[in-house]
Amino acid sequence: MTEASIDIRRAVPEDADAISTIGTQSFKAAYGDTADAEDLILHLDDYFGLDAVKSELDQPGRWYLVALIDDEPAAFTKIRDADKPDCVPGARVLELQQVYVLPDKQRHGLGGQLIDASFNLAGFMGVEGLWLSVWQHAPWAVNAYRKYGFEQVGTADFKLGNTVYSDWVMYRAL
């Protein structure tokens, strides 16, 4: 059996459709059974609708990295320069806002490779650390982030459609 070729690169505008698809499929697979159907539709459109992704790709202070398996987009991460919650230490930090892998491409190490690439990008940019928010009732995600050195430093509200959830805020110094 031939081993798949995995590459990670910065996203370009032509990746918008793939990012939209990956985000939608991944979010639905992970959280679709736990969210109100209307809230889910609103969230998917706001964050992963094609127009939303195209707009984000053009925004300063936003960086998307795409992981490809045999030249086909299979995962992405989004890093952004955004206001941080008070519980996050440091003056110059970036948010690791999204890490999504197509459901049928999981277990290839793509998420971890994207997180490592995010650390590299943040380090190159000279920031002190990365922070993220993760749903408190998603132990698989919380444990994955802990594996990469993130520690819980507080909580923050997360709006999914019209419903507000409480997320853990996690931080990792570089």
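**Reading charge and exposure, residue by residue**

Asp86 is exposed, with a relative accessible area of 81%.

Tutor: Before we go on, this is a predicted model, where local features need pLDDT of at least 70, side-chain atom pairs count only at pLDDT 80 or more, and totals for chains, interfaces and linings use all residues. Residues are numbered from 1 along each chain as its sequence is written, and side-chain values use heavy atoms, with hydrogens and water left out.

Student: What do buried and exposed mean here?

Tutor: Buried is under 20% relative accessible area, exposed is over 50%, and partly exposed is in between (1.4 Å probe, protein chains only). Ala18, in helix H1 (residues 16-31), is partly exposed at 21%.

Student: Where is Asp86?

Tutor: Asp86 sits in the loop between strand S3 (72-80) and strand S4 (93-101).

Student: Which residues form the negative surface patch?

Tutor: Patch residues have over 30% relative accessible area and no salt bridge, with like charges joined within 9 Å. Here the patch consists of Asp7, Asp70, Asp71 and Glu72. Asp7 belongs to strand S1 (residues 6-10) and is partly exposed, at 38%.

Student: And Asp39: how far away is the nearest side chain of opposite charge?

Tutor: A salt bridge needs a side-chain nitrogen of Lys or Arg within 4 Å of a carboxyl oxygen of Asp or Glu. Asp39 is buried yet has none; Lys159, the nearest side chain of opposite charge, is 8.3 Å away.

Student: Which side chain does Asp39 make a polar contact with?

Tutor: A polar contact is a pair of N or O atoms within 3.5 Å; within protein, one must be able to donate a hydrogen and the other to accept it, and residues adjacent in sequence count only if both atoms are side-chain atoms. From helix H2 (residues 37-48), the Asp39 side chain makes one with the side chain of Thr163 (2.3 Å).

Technical notes: Patch = residues over 30% accessible without salt bridge, like charges linked within 9 Å, V, L, I, M, F, W, Y side chains within 5 Å. Areas by Shrake-Rupley, 256 points an atom, 1.4 Å probe, with all protein chains shown as cover. Lys, Arg positive; Asp, Glu negative; His and termini not counted. Charge placed at Lys NZ, Arg CZ, Asp CG, Glu CD. Helix = DSSP H or I, 4+ residues; strand = E, 2+ residues; numbered from the N terminus.
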